Amino acid sequence: MNQQQRQNAIIDLVRHQGYASIEQLTEHFVVTPQTIRRDLNALAGEGMIRRVHGGAGLESSTVNTAYSTRKSLNLEAKQRIAELLAQHIPDHASLFINIGTSNEVIAEALLGHQGLEVITNNLKVAAILQPKEDFNVIIAGGQVRSRDGGIIGEATIDFINQFKVDFGIIGISGIDEDGSLLEFDYQEVRVAQAIIRNSRQVYLAADHSKFHRNPVVRQGNIAQLNALFTDRQPPDTVLRLLEIHDVALHIA
């Protein structure tokens, strides 16, 4: 078993049990405690588990990682995903871009395009795209979350429902084995659902860590996507669902 396989197995074990000690993991994988500590530190650094004294537990299903931390997590992977996704957006297209650190990186990758019309409920995305004189950037109205510049609420949903665009670019906090797309904030989810309904093509950007997180709010299902952009091959259960529902998989 190589390092990647062992770390994936650690995640599965922690998810199944809720907690695993260093001693248990050392015996299970027949490696040294130092090796397990390095694995746990690496996984915690990617936001895939929560490092606790003497072992590891699950990330919270009710509270998301702080925005400042998420912004730097898996940044290289997010940049690769963003560059690949941007290649699938033609010039002069219309699109929604919703809340999320991955979507902020995607906005940066779209700056080389021409004539885009972008509707967003993400102040940071709007600020990134605003300097492009040939872009038309439209900001949804609603309540602004101080922690990340996301705009949410009934007014946001009403605003989104006025449009029908070529592409909806969404992020997610977790993807369950049954294909559920999961988030932490109910109000954010309702806006994302409106974006999905009003997009001709729905693109999801999700780095590999999202396959091992279990937020509490259901946003939708993989079946509603046209394409998934990620940086590693998803788990077998998710791969089967992508095939069943004819969702294109793009690995950066």
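In strand β3, R50 finds its bridge partner in G57. That pairing belongs to a predicted model, where local features need pLDDT of at least 70 and side-chain atom pairs count only at pLDDT 80 or more, while totals for chains, interfaces and linings use all residues. Residues are numbered from 1 along each chain as its sequence is written, and side-chain values use heavy atoms, with hydrogens and water left out. Helices (H or I, at least four residues) and strands (E, at least two) are DSSP runs, numbered from the N terminus.

The R50 bridge is part of the pairing of β2 with β3 (residues 55-57), which is antiparallel and runs over 3 bridges. Strands count as paired if DSSP finds at least two bridges between them. As a bit of background, strands of a sheet pair through backbone hydrogen bonds, either parallel or antiparallel. Here 3 strands make up an open sheet, ordered β1-β3-β2, with antiparallel pairing. At the edges sit β1 (19-21) and β2 (50-52), each of which pairs on one side only. From one strand to the next, the twist averages 25°. For this and the other angles, axes are lines fitted to C-alpha atoms, for helices over the stretch in contact, and angles run from 0 to 180 degrees between N-to-C directions.

Two helices pack on this sheet. Helix α1 (residues 3-17) touches β1 and β3, and its direction makes about 120° with that of β1. Helix α3 (residues 33-45) packs on the sheet too, touching β2 and β3, with its direction at about 135° to that of β2. Contact here means heavy atoms within 4.5 Å.

These helices also meet each other. In general, two packed helices are described by the angle between their axes and the distance between the axes. For α1 and α3, the axes come within 10 Å and cross at roughly 70°. The two are therefore roughly perpendicular to each other; angles under 35 degrees count as roughly parallel, over 145 as roughly antiparallel, 65 to 115 as roughly perpendicular and the rest as oblique. On the α1 side the contact uses Q3, R6, Q7, I10 and I11, and on the α3 side T35, I36, D39, L40, A42 and L43. Sorted by class, the contact of α1 with α3 has 6 nonpolar, 3 polar and 2 charged residues. In this sorting, Ala, Val, Leu, Ile, Met, Phe, Trp, Tyr, Cys and Pro count as nonpolar, Asp, Glu, Lys and Arg as charged, and the others, Gly among them, as polar.

Helix α3 has another packing partner in helix α2 (residues 22-29): their axes are 9 Å apart, at an angle of about 110°. So α2 and α3 are roughly perpendicular to each other. Their crossing is right-handed. A crossing is left-handed if the near helix is turned anticlockwise from the far one by less than a right angle, and right-handed if clockwise. I22, L25, T26 and F29 of α2 meet P33, I36, R37 and L40 of α3. That contact of α2 with α3 divides into 6 nonpolar, 1 polar and 1 charged residues.

Leaving aside neighbours within four places in sequence, E46 is in contact with L73, N74, H208, S209 and R232.

The α5–α6 crossing is right-handed. On one side are L75, K78, Q79, A82, E83, L85 and A86 of α5, and they meet T101, S102, V105, I106 and A109 of α6. The residues of this contact divide into 7 nonpolar, 3 polar and 2 charged.

D231 lies in the loop between β14 (227-230) and α10 (236-244) and R80 in α5, so the pair ties together parts that are 151 residues apart in sequence. The whole structure holds 11 salt bridges (a side-chain nitrogen of Lys or Arg within 4 Å of a carboxyl oxygen of Asp or Glu).

Another open sheet of 3 strands has the order β10-β11-β13, with antiparallel pairing. Its edge strands, β10 (174-175) and β13 (217-221), each pair on one side only. Between β10 and β11 (residues 180-183) there are 2 bridges, in the antiparallel sense. I175 has L181 of β11 as its bridge partner. Helix α9 (residues 186-197) lies across β11 and β13, running at about 10° to β13.
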